[in-house]
Amino acid sequence: MKRLVGTLCGIISAALFGLGGILAQPLLSEQVLTPQQIVLLRLLIGGAMLLLYRNLFFKQARKSTKKIWTHWRILTRIMIYGIAGLCTAQIAFFSAINYSNAAVATVFQSTSPFILLVFTALKAKRLPSLLAGMSLISALMGIWLIVESGFKTGLIKPEAIIFGLIAAIGVILYTKLPVPLLGRLQI
């Protein structure tokens, strides 16, 4: 049952993430909101909903929630995670949408596993496996085709590429930064 619930939560969150980018595009193109305003609203509302849900339905979680506010090291790490990870990825993603569209921004943000693969290979001082290398090359070729045709048609501006790649780095940060916290807070 837990596996089914986890799978459903993953599917729903991925669908809502995609829907969020698509819904943000008209707001950005009509200049109703800036990328920073969208991220502020999104993170405040999402964070408040998660805290409320967690504290209402998980009695044991209340202790670790209080622990966050009493240990400055934990609070500092969470703030670094929020600023360097979440805000970087979100603001860069919505800025990429602002300069192009949701599809292009998503393609560039989705390069994060490949960037992580390159960094890991450099750190380990060895080449990735053949399959990983072929995946990296095919992904780069696909991105090159998107960028080249986007430049020709004028749909992709250099700013969109820069912000898309910054968003990918932000995804890596918000994936890696909370790992030490998960064990300490027993979430």
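User: How far should the 23 residues of α2 span, and how far apart are its end C-alpha atoms?

Analyst: A helix can be checked by comparing an expected span with the distance between its ends. In this predicted model, the 23 residues of α2 should span 33 Å at 1.5 Å a residue, and the end C-alpha atoms are 33 Å apart, so the two values agree.

User: Which residues of α2 are buried?

Analyst: Burial is read from relative accessible area, and under 20% counts as buried. In α2, that applies to P35, I38, V39 and R54.

User: Where is S95, and is S95 buried or exposed?

Analyst: S95 sits in helix α4. Its relative accessible area is 6%, and therefore S95 is buried.

User: Which residues of α6 are buried, and what covers them?

Analyst: S112, I115 and A121 are the buried residues in α6. Their cover includes α5 (102-109) and α8 (158-176).

User: Where is Q31, and what is its phi?

Analyst: Q31 lies in the loop between α1 and α2 (35-57). Its phi is near 55°, again a positive value in a residue other than glycine. The relative accessible area of Q31 is 70%, so Q31 counts as exposed.

User: How many helices and strands does the chain have?

Analyst: A count of elements and their order gives the outline of a fold. The chain has 9 helices and 0 strands, and its pattern along the sequence reads α-α-α-α-α-α-α-α-α. Its C-alpha atoms fill a box of roughly 55 × 50 × 35 Å along the principal axes.

User: What share of the chain is buried, and what is its accessible surface?

Analyst: Of the 187 residues, 28% count as buried. The accessible surface is about 12,900 Å², and carbon and sulfur atoms account for 73% of that area.

User: What share of contacts join residues at least 24 apart?

Analyst: Sequence separation shows how a chain comes back on itself. Taking contacts between residues at least 6 apart in sequence, 71% join residues at least 24 apart. Y174 and L86 are 88 residues apart in sequence, with their C-alpha atoms 5.9 Å apart. I22 and A103 are 81 residues apart in sequence, and their C-alpha atoms are 8.3 Å apart.

User: Where are Y174 and I22, and how accessible are they?

Analyst: Y174 is in helix α8 and counts as partly exposed, at 26% relative accessibility. Leaving out neighbours within four places in sequence, Y174 is in contact with Y81, G85, L86 and A89. I22 is placed in helix α1 (residues 2-29), and at 53% relative accessibility I22 counts as exposed.

User: How many cavities of 30 Å³ or more are found, and which residues line the largest cavity?

Analyst: The search of the whole structure finds 1 cavity of 30 Å³ or more, and the largest cavity holds about 30 Å³ of space. Its lining consists of F17, R42, A89, Q90, F93, F94 and Q109. A89 is also one of the contacts of Y174.

User: Which helix gives the most to that lining, and how do the lining residues divide?

Analyst: Helix α4 (residues 72-99) gives the most, with 4 residues. By type, the lining has 4 nonpolar, 2 polar and 1 charged.

Technical notes: Residues numbered from 1 in each chain as written. Predicted model: local features only at pLDDT ≥ 70, side-chain atom pairs only at ≥ 80, totals over all residues. Heavy atoms only, no water. Helix = DSSP H or I, 4+ residues; strand = E, 2+ residues; numbered from the N terminus. Buried < 20%, exposed > 50% of the residue type's maximum accessible area, 1.4 Å probe, protein only. Contact = heavy atoms within 4.5 Å. Areas by Shrake-Rupley, 256 points an atom, 1.4 Å probe, with all protein chains shown as cover. 1 Å grid on protein atoms, 1.4 Å probe; cavity = no way out; pocket = protein on both sides within 12 Å on 5 of 7 lines; lining within 4 Å. Points joined across faces, edges and corners; volume = space filled by probe spheres on them. Nonpolar A, V, L, I, M, F, W, Y, C, P; charged D, E, K, R; others polar. Expected span 1.5 Å × (residues − 1).
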